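Subject: Structure for your review

Dear colleague,

Please find below the structure that I am handing over to you. My findings follow it.

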Amino acid sequence: MMDEERSNEKCESVTLSLMSEAVSAPTECEKRVCVFGTGDMGRSLGLRLLQAGYSVMFGSRRPQSCNFLPNGAQVLSHAEAAQAAHLIFIAVQREHYDFLVPLAYHLKGKVLVDLSNNLKKNQYPEANAEYLQSLVPEAEVVKGFNTLSAWALQNGPSDANRQVYICGDRAEAKQVVLAVATKLGFSALDRGSLSASRELEDFPLQLFPLWRLPMRIAVGLTAFFFFYLLIREILYAYITQGKDISFRIMVSLANRVCPIVSLIMLALCYLPGVLASFLQLYRGTKYRRFPDWLDRWMLCRKQLGLLALGFACLHVLYTLIIPIRYYVRFWATERTVTQIRQNGTNEFITSRAWHSDSYLSFGILGFGLYVLLGITSLPSVSNALSWREFSFVQLIDKVEFSVWVREISST
């Protein structure tokens, strides 16, 4: 019985040792990687790989004339570099893929990571990764790292660009690239087969996709209230009374429009969450998908809030320049001269002073809370907050919303 227990313990120790060897650091062969391309992207990727402990070889047509490469990296010809490494990063543009055709024999069974992007969408009939696969059909092509910039690779991942998207037809090849991305400090996400490579190549070409709807709403609201106030206060006064007060368009009207649009944008930032809560209560579950219009609305809440903060900042700037306007200075001087000629004085009214100071104080308080909300929207700040802390900031912002409503209503 004792012998059997010792035998079991021995087997368990052997198994644990084998498991530890299996999850240990990669072998020397796996640590050798190759980079085709000595531009900004290739150099930054090579530097990051060296910092992660990989042995990096650059493949070049002219190995002797390559300069400014990371210290510790080897520079070989394309054929020599392809033979020495199993994982090869293709950091060149699609127009220069022709040099890979003579290397098809050396690239057989190798994992090729395509980092290329295009200048515009649908520039070619097929995706770059699919075209690369057709040039070297016996290699295993994986699309990845194309959504990162050379700056992000060289300086390390940050909260805003931590994710790496990859796609490929072979699971083993994707696992190799996933392991490298994880060791470099990125969060790798598998997007499926190589047919998804066109979608990945379109990512860097997108221009603020989540800002389009908020910008349209902001422009629409600004135009509507501006022309409404223009007709009501400028044109109506000119038609009915013959008064030319068109100079108010540049400052006064803009200062009226900015806080109105800011409050409406802030309300639109919180309204979808309220609607979603009522919808979940009505359905009796939180696991059913929201309608597409509500889902799109909720995805752009942060952009709506930041635009609201931008209009609030414009309101503050317009308010600060009021004392230096020609119209205000002229009116103050004219009133002073009139009082001197009439030998009259004005009585100081304490209640009006309280009202004026309270108005300014609440405005400053509201704007300060507004800025606090904007700061918590930054990824580096929001990631450091717990859910309770974030909810507390949101509660403060609701108080700030009521403060701004009071300020606007007092205008």
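N146 lies in the loop between β6 (140-144) and α6 (150-155); helices (H or I, at least four residues) and strands (E, at least two) are DSSP runs, numbered from the N terminus. Please note that this is a predicted model, in which local features need pLDDT of at least 70 and side-chain atom pairs count only at pLDDT 80 or more, whereas totals for chains, interfaces and linings use all residues. Residues are numbered from 1 along each chain as its sequence is written, and side-chain values use heavy atoms, with hydrogens and water left out.

With a relative accessible area of 2%, N146 is buried (buried is under 20% relative accessible area, exposed over 50%, and partly exposed in between, with a 1.4 Å probe and protein chains only). Its side chain reaches the backbone oxygen of L200 at 2.9 Å. Apart from neighbours within four places in sequence, N146 is in contact (heavy atoms within 4.5 Å) with L115, S116, N117, L200, E201 and P204.

L119 is located in the loop between β5 (111-114) and α5 (128-135). L119 counts as exposed because its relative accessibility is 80%.

K174 belongs to helix α7 (residues 171-183). At 10% relative accessibility, K174 counts as buried. The side chains of K174 and D190 are joined by a polar contact of 3.1 Å (a pair of N or O atoms within 3.5 Å; within protein, one must be able to donate a hydrogen and the other to accept it, and residues adjacent in sequence count only if both atoms are side-chain atoms). Not counting residues up to four places away in sequence, K174 touches V142, I166, C167, G168, D190 and G192.

Finally, I turn to a helix pair. Helix α10 (residues 252-283) packs against helix α11 (residues 292-299) at an angle of about 135°, and their axes are 9 Å apart. Axes are lines fitted to C-alpha atoms, for helices over the stretch in contact, and angles run from 0 to 180 degrees between N-to-C directions. L268, L271, P272, L275, A276 and L279 in α10 meet W293, L294, W297 and M298 in α11. The residues of this contact divide into ten nonpolar, no polar and no charged.

Yours sincerely

Key. Nonpolar A, V, L, I, M, F, W, Y, C, P; charged D, E, K, R; others polar.
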